[in-house]
Every structure is written in C-alpha cells, then in structure tokens.
Amino acid sequence: MSETKTAHPLTVHVPLNGGRGYDILIGRGLLGQTGARAAALGARAAAIVTDENVAALYADGARASLEAAGLRTCLVVVPPGEASKSYAGYAQVCDGLLAARIERGDLVVALGGGVIGDLAGFAAATLRRGVRFVQAPTTLLAQVDSSVGGKTGINSGHGKNLIGAFHQPRLVLADTASLDTLSEREMRAGYAEVAKYGLINDAAFFAWCEANWAGIFSGGPERDEAVAICCRAKAGVVVRDEFEHGERALLNLGHTFAHALERLTNYDSARLVHGEAVAIGLALAFRFSARLGLCPGQEAGRVANHLALVGLPTRLQAVPGGSGDADALVEAMGQDKKVRDGALTFILARGIGASFIAPGIDRAEVLAFLKAELGAG
Ligand SMILES: NC(=O)c1ccc[n+]([C@@H]2O[C@H](COP(=O)([O-])OP(=O)(O)OC[C@H]3O[C@@H](n4cnc5c(N)ncnc54)[C@H](O)[C@@H]3O)[C@@H](O)[C@H]2O)c1
Ligand SMILES: O=C(O)C(=O)C[C@@H](O)[C@H](O)[C@H](O)COP(=O)(O)O
Ligand SMILES: [Zn+2]
C-alpha cells in the first residue's frame with residue numbers, strides 16, 4: 001500500500017478497483033476535519049450515526065465541523081455496546097436515516113467503535129440499496145481493524161455477524177487523540193486485534209508489540225505507528241481478496257473461538273467484548289495448533305504470556321459467568337461463516353507470524369481440545 005510519510009496525517013491508501021479506492025487518514029485531531037473531508041466528497045448532507053457514550057464526547061464537534069463546511073446534518077444515537085448490533089439497532093438506524101431524508105448522494109458518518117461502524121455501515125449498504133459512508137473510528141479496535149475493509153453487519157441469535165454486506169467506506173478518518181478518552185478495558189480489547197496482525201504473518205511486528213505496547217496505550221508515537229502498520233497490513237489483504245475467497249480468512253485468526261464465545265455470552269458487553277473474546281481465541285488457536293503438533297508449545301506460551309501481560313484474558317475460564325461447555329462451543333462454531341460442506345475451518349499457526357487456513361478440521365478434535373482446556377486449571 002502507498003503511504004505518505006508526513007507527520008500528520010499518515011495516509012494509507014486502499015486501491016480497490018472500479019473507482020472504489022479510499023484513503024485511511026491517521027493522526028491526532030482529525031475529527032476536526034470531518035466537515036472539510038465530507039465536503040470534498042461532494043456531499044450536501046451527512047448523518048452521524050453514533051452511540052450514547054461517543055455522542056457525549058464527540059458528536060457536537062463532528063456536527064459543528066460538518067455544518068461549518070456547509071452540510072446539513074442529523075444525528076442517530078443508539079445505546080452503547082454489542083447489543084446494538086441487532087435487528088432492533090438496525091431498524092432504529094435505518095428509520096432515523098429515512099426520517100432525515102438521507103439520499104443516495106449523501107453521507108453516513110459512522111462515529112464510534114466497531115459496533116457503530118458495522119451497524120451504520122450495514123444500514124448504509126442497504127438504505128436505498130446503497131448510500132456512501134465514512135468511517136470515523138474512535139476505538140483502537142475500530143482504527144486498526146473494523147473501519148477498514150468493508151465488512152458490515154449485525155448479529156443474530158444464531159451467531160455473530162451473520163447478517164451483513166460488503167460495503168466499502170469512501171474514507172476512514174482515524175483520530176488517534178480520540179483514544180485518550182477510551183477506557184483501559186476497551187484499549188486492551190482493541191490491542192488483541194493489533195497483536196493479531198503480528199501473529200498472522202509478521203513476527204517482527206509481534207516482537208515490536210512486545211517492546212512497544214505501553215506506548216500504544218499511553219498515546220506516544222507508537223500509537224499512530226501501530227495503527228498505520230495494522231491498516232497497511234489489512235488494506236493489503238483486502239485489496240488482494242476483498243470478498244474472502246481465500247487469504248482474507250487469515251484475518252479471522254482466533255475468531256472461530258471468539259465468535260462462539262460472544263454468542264454464548266449473548267453479546268453482553270458487560271461480560272465479554274469482541275477484543276477480549278479474540279484474545280482468548282488467539283491463545284486457543286495457538287494452543288490448539290500446539291496440541292495438533294503444528295506449532296511449538298513455547299510459541300503458544302509466548303502468545304498467551306504477552307496477552308496476559310497487557311491484561312487480556314487467555315483462557316475460557318476467564319469469561320465472567322462461564323463460557324459454556326465444550327459441546328455448546330462446538331455447536332456454536334457450526335454457524336461460523338468459514339464452514340464448508342458442514343466442516344469447520346480454523347486459522348491455525350506453525351508459529352508466531354506463520355498462520356494458515358486449515359479447512360476440514362474434525363469436530364471431535366476440537367471437542368477434545370476444549371474439554372481439556374476446560375478441565376485445565
Ligand atoms: N467489520 C470488521 O472488519 C470488524 C473487525 C473487527 C471487529 N469488528 C466488530 O467490532 C465490534 C467491536 O468494536 P469495538 O471494540 O470498537 O466496540 P464498541 O463499538 O462497542 O466500542 C467499545 C466501547 O467504547 C465506547 N467508546 C467508543 N469510542 C470511545 C472513545 N473515544 N472514548 C470513550 N469511549 C468510547 C463505546 O461507547 C463502547 O461502549 C464487534 O461487533 C466486532 O464484531 C468488526
Ligand atoms: O476483516 C476481516 O475479514 C476480519 O475477519 C476482521 C475480524 O477482526 C472481524 O472481527 C470481522 O468482523 C470478522 O468477520 P466475520 O466474517 O468472521 O464475521
Ligand atoms: Zn475481530
């Protein structure tokens with residue numbers, strides 16, 4: 001990916017075909033440019049979709065910026081948390097956009113974390129059969145992962161993200177100063193997806209994370225650097241395999257476990273948020289790989305140690321109220337989008353930075369592994 005090495009903002013371009021390429025702008029204070037950037041896209045009206053927490057912190061500023069640039073604005077605010085990525089949340093956002101008479105030429109601005117990006121993006125994908133949208137991610141997780149690549153959607157009682165569409169944003173505005181107000185818990189959760197990039201195919205980045213993670217959390221220069229590295233990695237995968245026919249599935253490292261856990265905890269953010277589920281999933285994917293004789297046990301230990309050092313959970317037993325038993329977890333995995341002809345696909349690893357797609361994994365192997373995990377102290 002091409003990257004402009006200016007101090008502010010860092011720019012990662014996502015060169016998709018059909019004139020759908022877009023920029024990811026990364027830097028402190030970028031939310032103040034929302035209006036100018038939206039006007040440059042030729043929009044005359046913008047609907048800000050956000051949650052109550054983010055609205056209290058950033059909606060007035062974003063709205064003032066849009067109005068100063070001459071755009072008509074409206075605001076749609078949903079409750080915070082994963083539960084809003086639901087049929088009811090989707091209806092609320094669509095009805096709010098329709099009531100504000102948002103047209104195809106207008107913009108939806110997803111101002112918030114991954115819940116808002118996925119929900120507002122899915123509403124934008126389907127409203128009037130497709131309205132343009134801008135991602136303004138305000139969590140670490142959204143800045144390094146969910147705002148990029150066009151996966152949008154909501155959850156179902158049957159499983160995570162099962163209703164959705166690919167709909168790419170026209171622009172991503174990642175204001176890294178907005179992370180200064182994020183809770184420690186949500187910073188940690190987002191960090192699980194940061195570490196994921198190293199674990200997938202970049203051992204040097206994982207080692208850099210081990211040395212520099214504190215700077216990401218404290219808002220040092222490491223933060224913008226990490227966001228740019230992750231966005232560059234994700235942009236590369238998305239451009240090569242936008243619709244997940246192959247390589248993109250690697251971004252799902254840890255997620256077969258994670259999504260089952262999220263379903264079994266009823267998408268209750270008080271118990272488990274996506275990044276925490278991913279942290280457990282990453283540790284499980286490496287221990288499962290070790291159990292299958294694919295990966296040295298020390299590598300799995302190094303992964304879990306680092307995640308634990310930053311305060312992330314690495315075991316099923318860490319899920320408040322319990323994770324569900326092994327049978328329930330395997331049953332939930334049956335709805336994973338990577339299932340082919342009824343067989344489970346996992347992303348496994350030969351080591352840190354050496355992950356691969358493993359189709360046709362025997363459910364009995366998974367069940368035995370999970371039983372052993374749950375039996376382990
Ligand atoms: N589309 C994708 O490619 C993709 C990738 C990864 C994750 N996801 C999805 O993203 C979702 C998780 O996103 P998330 O972790 O950002 O959760 P989230 O959107 O629920 O945000 C976490 C919490 O932080 C609050 N918050 C957000 N920004 C804040 C700020 N700057 N200051 C203070 N509080 C703030 C929110 O109100 C919320 O309570 C999951 O649904 C997951 O499935 C999607
Ligand atoms: O962008 C992708 O592709 C990913 O898999 C990124 C994941 O971190 C993210 O959680 C995504 O929403 C999972 O997608 P899904 O297709 O498994 O629902
Ligand atoms: Zn994820």
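Leaving aside neighbours within four places in sequence, glycine 35 touches Ser65, Leu66, Ala69 and Leu71, where contact means heavy atoms within 4.5 Å. This is a predicted model, in which local features need pLDDT of at least 70 and side-chain atom pairs count only at pLDDT 80 or more, while totals for chains, interfaces and linings use all residues. Residues are numbered from 1 along each chain as its sequence is written, chains are lettered from A and ligands numbered from 1 in the order in which they are written, and side-chain values use heavy atoms, with hydrogens and water left out.

**Glycine 35**
- Glycine 35 belongs to helix H1, residues 34-40 (helices, H or I, of at least four residues and strands, E, of at least two are DSSP runs, numbered from the N terminus).
- With a relative accessible area of 0%, glycine 35 is buried, a term for values under 20% with a 1.4 Å probe and protein chains only.

**Domains**
- The protein is divided into domain 1 (10-181) and domain 2 (184-375), with bounds from an automatic or database domain assignment.
- The C-alpha centres of the two domains lie 25 Å apart, and 35 residues of domain 1 are in contact with 35 residues of domain 2.

**Ligand 1**
- Ligand 1 lies between the domains, because domain 1 and domain 2 both give residues to the shell around it.
- Of the 27 residues around ligand 1, those that come nearest are Asp51, Gly114, Thr138, Thr139 and Thr181 (a residue is near if one of its heavy atoms lies within 4 Å).
- A polar side-chain atom of threonine 138 lies 2.7 Å from a nitrogen atom of ligand 1, and a polar side-chain atom of lysine 234 lies 3.1 Å from an oxygen atom of ligand 1.
- The protein covers 91% of the 860 Å² of accessible area that ligand 1 has on its own, areas coming from the Shrake-Rupley method with a 1.4 Å probe.
- Helix H2 (52-68) gives the most to this shell, with 4 residues.

**Ligand 2**
- The shell around ligand 2 draws at least three residues from each of domain 1 and domain 2.
- Oxygen atoms of ligand 2 are found 2.8 Å from an N or O atom in the side chain of asparagine 161 and 2.7 Å from one in the side chain of lysine 337.
- Of the 440 Å² of accessible area that ligand 2 has on its own, the protein covers 91%.

Methods. Polar contact = N/O pair within 3.5 Å; in protein donor to acceptor, adjacent residues only side chain to side chain. Buried < 20%, exposed > 50% of the residue type's maximum accessible area, 1.4 Å probe, protein only.
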